[in-house]
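Me: Could you walk me through this two-chain model, one question at a time? I would like the cut-offs spelled out as we go.

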Amino acid sequence: MNFIAAFLFMFISFLLQSTLLSQFTIGGITPNLLVIVTASLGLILGRRYGMISGFVGGLFVDIFFGRILGVYALLYMLIGYLNGFFRKILFSGDFKLPITLIIGSDIAFGHGCYLLMFFFKGDFNYPFYLTGIILPEVIYTTIIAIFYFPFIKFVFDKIRHFEEKDIETIV
Amino acid sequence: MSPLIKKKREKYTLPNRYILLILTIVCVILMILSFSTNILSIPLNTISGYTLVPFQKGLNAVGTALIDRAQNLKTLEQVTNENTELKRQIAELTKDNTLLQQDKYELTKLRELYDLDAEYEEYDKIGARIIARDSGNWYSGFIIDKGADDGVMVDCNVIAGSGLVGRVTEVGPNYAKVVSIISDNANTSGMILSTGDLLIVTGSLRLMDMGVIEYSQLVDPESTVGVGDKVVTSNISDKYLEGILIGYIDTVNSDSNNLTKSGTLIPAVDFRHLEDVLVITDLKNIPDISGDREY
């Protein structure tokens, strides 16, 4: 159940990001839905789910838009895995931690992209990439995350209630 | 739980850090494989072509419809203002039109001179719609809804209106991936139409916001190249057909070596508002350099 829901979230978010959201850009910047979903899944379901769904989502991006297969898969996988460590200290109703982690994840993702694809190419214009791409993306992503994270949390809470009820009836 | 129910045996699961290690190795192998060979792209493209592309087509249509809707909701006041503005423009345009008719006469002569545009129209073209854009903010590639089934091949040139957009880098059965010339990893060999001087057009993420792209390695010792000169794809490019308009020179600067010049040019295509493109299904014929060449 969790697995199917996690896959659907990745799939739908990827589709939205590459179609609808890339038409509704603000100043040419698209929010990074996949970072929100990967970080949230890691945070809600733990390291394993975060890591695997990040890998799958990253692979989608790689197949469609990647120049080299595996770069985005690696970045998203690490984001999912690292966020999974914070599962233990996540309390329901606490939104400061998830939002902070999503901001951190997106900043890390931006730097990962810059490092892997621009820095090693010999492009050292870091200030531009920070202020022109990474930070606007973080701001836009954060705004979306404020609405999107509670929704993801809500769905998985429902699934947990549903499954717990299921077990009770069997016993 | 009742003790009669047999306790489920603990399933052995791999620790998370080993899964992470395995997936990381998979990623690295994928990177190496896709960097050095091409064997992965065909099966993956076919799978994704049948699973993701239909969804992208549908969602993109929804997005376009929403944007259209938003534009319809312009207030009446704006429309009235526009009307007066437009009436004024009509008067101006009528005047311009007469001038343009004269220009057209000149253009016809020039076309004969270059014998270029006729060639341009001879190419087989098919229309395609952009159905998805690069999901990140780092590159500007996109997916179109025509693929191998419609005759699109890798390295097909993509144009919009009159200017060059980019070229196809990967083809699936019903979609194709296009890398645009403004993308940060794209280099295009171009030439100045009036003088025939060659230059290299390089996409740049930094300049994209300003609506210009870089060029470099222009050899022009007599300084004949000026602002507004047309830049077209060169005859020596091995991917692009000759004579497709790239843009117009915006700035010219001398390099520190005093031999070459570089600067920026304004692309002929409005990349921000691209929706439909034309794919030229003819490929440039390149003699096989590795084999015996016929002269």
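What follows is a set of questions and answers on the chains, their contact and some of their elements.

Me: What kind of model is this, and which pLDDT do local features need?
Reply: Happy to start there. Residues are numbered from 1 along each chain as its sequence is written, while chains are lettered from A and ligands numbered from 1 in the order in which they are written. The model is predicted, totals for chains, interfaces and linings use all residues, side-chain atom pairs count only at pLDDT 80 or more, and local features need a pLDDT of at least 70.

Me: How many helices and strands does chain A have?
Reply: Helices here are DSSP runs of H or I with at least four residues, strands are runs of E with at least two, and both are numbered from the N terminus. From the N terminus on, chain A reads α-α-α-α-α-α. The count for chain A is therefore 6 helices and 0 strands.

Me: What share of chain B is buried?
Reply: A residue is buried if 20 or more other C-beta atoms lie within 10 Å of its own, exposed if 12 or fewer, and partly exposed in between, with C-beta atoms placed from the backbone. In chain A, with 171 residues, 48% are buried. Chain B has 6 helices and 12 strands, and of its 295 residues the buried share is 30%.

Me: Which element of chain B gives the most residues to the side that touches chain A?
Reply: Two residues are in contact if their C-beta atoms, placed from the backbone, lie within 7 Å. On that basis, 35 residues of chain B are in contact with 36 residues of chain A. At least two residues each come from α1, α2 (41–51), α3 (53–72), β1 (125–133) and β2 (141–144) of chain B. The most, 11 residues, come from α1(B).

Me: Why is α4(A) roughly antiparallel to α1(B)?
Reply: Axes are lines fitted to C-alpha atoms, for helices over the stretch in contact, and angles run from 0 to 180 degrees between N-to-C directions. Angles under 35 degrees count as roughly parallel, over 145 as roughly antiparallel, 65 to 115 as roughly perpendicular and the rest as oblique. The axes of α4 (residues 71–84) of chain A and α1 (residues 16–36) of chain B come within 8 Å and cross at roughly 165 degrees. That crossing angle makes α4(A) and α1(B) roughly antiparallel.

Me: Which residues of α1(B) meet α4(A)?
Reply: The crossing of these two helices is left-handed, meaning that the near helix is turned anticlockwise from the far one by less than a right angle (clockwise would be right-handed). From α4(A) come A:V71, A:A73, A:L74, A:M77 and A:Y81, and they meet B:L20, B:L23, B:T24, B:C27 and B:M31.

Me: At what angle do α2(A) and α4(A) pack?
Reply: Within chain A, α2 (residues 33–45) and α4(A) cross in the right-handed sense. Among the contact residues are A:L34, A:V35 and A:T38 of α2(A), and A:Y76 and A:I79 of α4(A). Their axes are 7 Å apart, and the angle is about 35 degrees.

Me: Which residue of β12(B) is the bridge partner of B:I159?
Reply: Strands pair if DSSP finds at least two bridges between them. Strand β3 (residues 157–160) of chain B is joined by 4 bridges to β4 (residues 163–171), running antiparallel, and by 3 bridges to β12 (residues 276–280), also antiparallel. Both faces of β3(B) are covered, with B:N157 and B:I159 buried on one side and B:V158 and B:A160 on the other. In β12(B), the bridge partner of B:I159 is B:L278.

Me: Why does B:V277 count as buried?
Reply: B:V277 is found in β12 of chain B. Leaving aside neighbours within four places in sequence, its contacts include B:A128, B:I144, B:V158 and B:V165. B:V277 counts as buried because its C-beta neighbours inside 10 Å number 23.

Me: Which residue in the turn between β6(B) and β7(B) has a positive phi?
Reply: Strands β6 (residues 187–192) and β7 (residues 198–202) of chain B run antiparallel and are joined by 5 bridges, with B:G190 opposite B:L199. They form a hairpin with 5 residues between them, and the residue in the turn with a positive phi, about 80 degrees, is B:G196.
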